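Subject: Structure handover

Hello,

Here is the structure you will be taking over. My notes on it follow below.

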Amino acid sequence: MDQFVGSTVTESLERVSALLGCSPNSAEVAAYLDKHDTLRHLREEFLMPTISDLPPSDLSLVDGSKECIYLVGNSLGLQPKMARKYVGEELEKWAKMGVHGHLEGSRPWAWAENNIEELMADVVGAKTEEVALMNGLTVNLHLLLLSFYKPTAARHRILLEDKAFPSDHYAVESQIRLRGLDPEKSMLLLSPRPGEETLRTEDILEVIEKEGDSIAVVMFSGVQYYTGQLFDMAAITEASQKKGCYVGFDCAHAVGNVELKLHDWGVDFACWCSYKYVNSGAGGLAGAFMHEKHKDTIKPALLGWWGHDVKTRFQMNNEMELQPGLSGFRLSNQPIQLVCLLQASLEVFKMTSMQALRRKSLLLTGYLEYLIQHYYTEDPTQPHKPHVRIITPCDPQQRGCQLSLCFSVPIRTIFQELEKRGVACDMREPSVLRVAPVPLYNSFSDVHRFIETLGSALAASSQ
């Protein structure tokens with residue numbers, strides 16, 4: 001992909017099409033881009049379902065032996081090939097060693113997650129000691145808010161997106177109630193301007209500047225799950241901290257998707273699940289981050305055995321020797337099976353870098369955008385023809401790999417016709433399709449096949 005750095009997606013596609021002597025929209029261009037994709041080998045590290053594997057597929061419409069068009073890594077990533085092997089190793093160890101597996105083997109159960117936290121830290125741009133792999137996302141969010149949200153009469157509000165992911169909204173609401181406060185007064189919800197789908201950075205910063213003296217915590221997503229908007233986390237962090245607010249991010253849709261620099265940006269805290277772009281399997285082990293600047297000042301509100309110093313943890317004297325920083329927030333030992341699944345994926349990330357994945361992602365998602373605009377932009381001369389509007393920001397720096405497509409017609413039938421033809425994507429009523437070409441395992445040919453299949457689905461749904 002390096003030969004396309006510095007060029008727009010349109011320029012890159014036109015250059016390839018001129019070289020091949022074909023249209024920029026042709027399958028030959030997709031094949032050329034795949035051939036010159038320096039990350040294409042990473043797809044071989046994952047198990048891609050065939051069309052016949054997917055329950056909604058209609059094998060009278062499509063060849064079931066082909067690989068499906070999997071564009072839903074924003075909901076659940078593919079299974080790494082090493083996942084089964086690693087889980088099998090621990091089942092075998094359990095069978096043969098029993099209790100001794102806690103302290104023996106390549107991943108002793110008592111601290112197995114510690115062995116892969118450096119890999120996770122690389123993905124989120126943090127120091128290893130700033131990251132913990134534990135619990136689920138919302139559990140970690142609650143643990144962090146219990147320590148960072150210290151409301152006073154003057155500073156008691158939490159700022160978040162009006163349409164934040166439900167878990168985030170519920171967590172914030174309950175944390176406010178836990179302090180005896182009224183969410184109607186202490187939740188500050190930020191909506192886009194009338195007629196717009198996404199939040200403008202200047203509007204976010206303006207609210208922080210204007211209302212910051214009353215805000216205790218700014219709690220945003222890194223990438224907005226519905227629109228696919230990538231927030232300017234560095235700018236939000238700087239503005240929030242200038243006003244004396246703590247700032248945290250739910251990075252569920254950002255981790256493994258965009259380049260994060262949580263340490264360098266000075267983010268106070270963050271949390272994420274790992275089963276979307278990080279491919280750890282449904283309900284996989286979640287992650288949390290707390291900046292090292294807080295390691296001696298921010299303490300956990302809830303204590304557990306695993307927060308005790310590792311060296312004296314097993315002395316069992318019930319006198320807490322709290323680990324510094326985020327390590328002190330640990331409550332229990334982690335399920336070894338979940339550690340195995342996450343290890344299998346993080347080792348694939350180690351084969352490349354988030355910078356390289358991001359370079360491919362910009363071209364891959366830009367290619368999808370180009371084809372959507374070419375085939376499905378509203379045509380005034382054909383007012384009854386279904387068309388698509390992309391509600392994700394058009395600026396590549398303000399989005400990850402996901403594009404949220406808003407259709408001029410109800411989406412359910414189109415979605416069903418896509419599923420019949422072996423497409424895995426995500427529908428949101430009443431009219432949005434979320435499509436995520438993941439650079440780790442998706443190809444340019446996947447995108448081209450999707451566009452062709454979308455045409456067939458639209459035709460079938462209009463009959």
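Contact here means heavy atoms within 4.5 Å. Helices (H or I, at least four residues) and strands (E, at least two) are DSSP runs, numbered from the N terminus. This is a predicted model, in which local features need pLDDT of at least 70 and side-chain atom pairs count only at pLDDT 80 or more, while totals for chains, interfaces and linings use all residues. Residues are numbered from 1 along each chain as its sequence is written, and side-chain values use heavy atoms, with hydrogens and water left out.

Helix H8

The buried residues of H8 (residues 201-211) are Asp203, Ile204, Val207 and Ile208, where buried means under 20% relative accessible area, exposed over 50%, and partly exposed in between (1.4 Å probe, protein chains only). Viewed down the helix axis, these residues fall within an arc of 140°, so they line one face of H8; the arc is that of the directions from the helix axis to the C-beta atoms. They pack against E5, strand E6 (187-190), strand E7 (215-221) and helix H9 (233-242). Glu206, Glu209 and Lys210 are exposed on the face turned away from the buried side.

His156

His156 sits in the loop between helix H5 (137-148) and strand E5 (157-161). With a relative accessible area of 17%, His156 is buried. Beyond its neighbours within four places in sequence, its contacts are Tyr149, Pro151, Leu181, Lys185, Ser186 and Ser214.

The four-stranded sheet

An open, antiparallel sheet has the strand order E11-E12-E15-E14; two strands pair if DSSP finds at least two bridges between them. E11 (388-390) and E14 are the edge strands, each with a single partner, so one side of each has no neighbour in the sheet. The twist averages 30° from one strand to the next. Axes are lines fitted to C-alpha atoms, for helices over the stretch in contact, and angles run from 0 to 180 degrees between N-to-C directions. Three bridges join E11 to E12 (residues 403-407), and Arg389 stands opposite Cys406 in E12. Helix H12 (residues 354-376) lies across E11, E12 and E15, at about 145° to E11. Helix H13 (residues 411-420) lies across E12, E14 and E15, at about 170° to E14.

Backbone points to check

Most residues other than glycine have a negative phi, and most peptide bonds are trans. Met316 has a positive phi, near 55°, and Asn318 has one of about 60°. Met316 is exposed at 53% relative accessible area, as is Asn318 at 78%. The peptide bond from Glu429 to Pro430 is cis, with omega near 5°.

Regards
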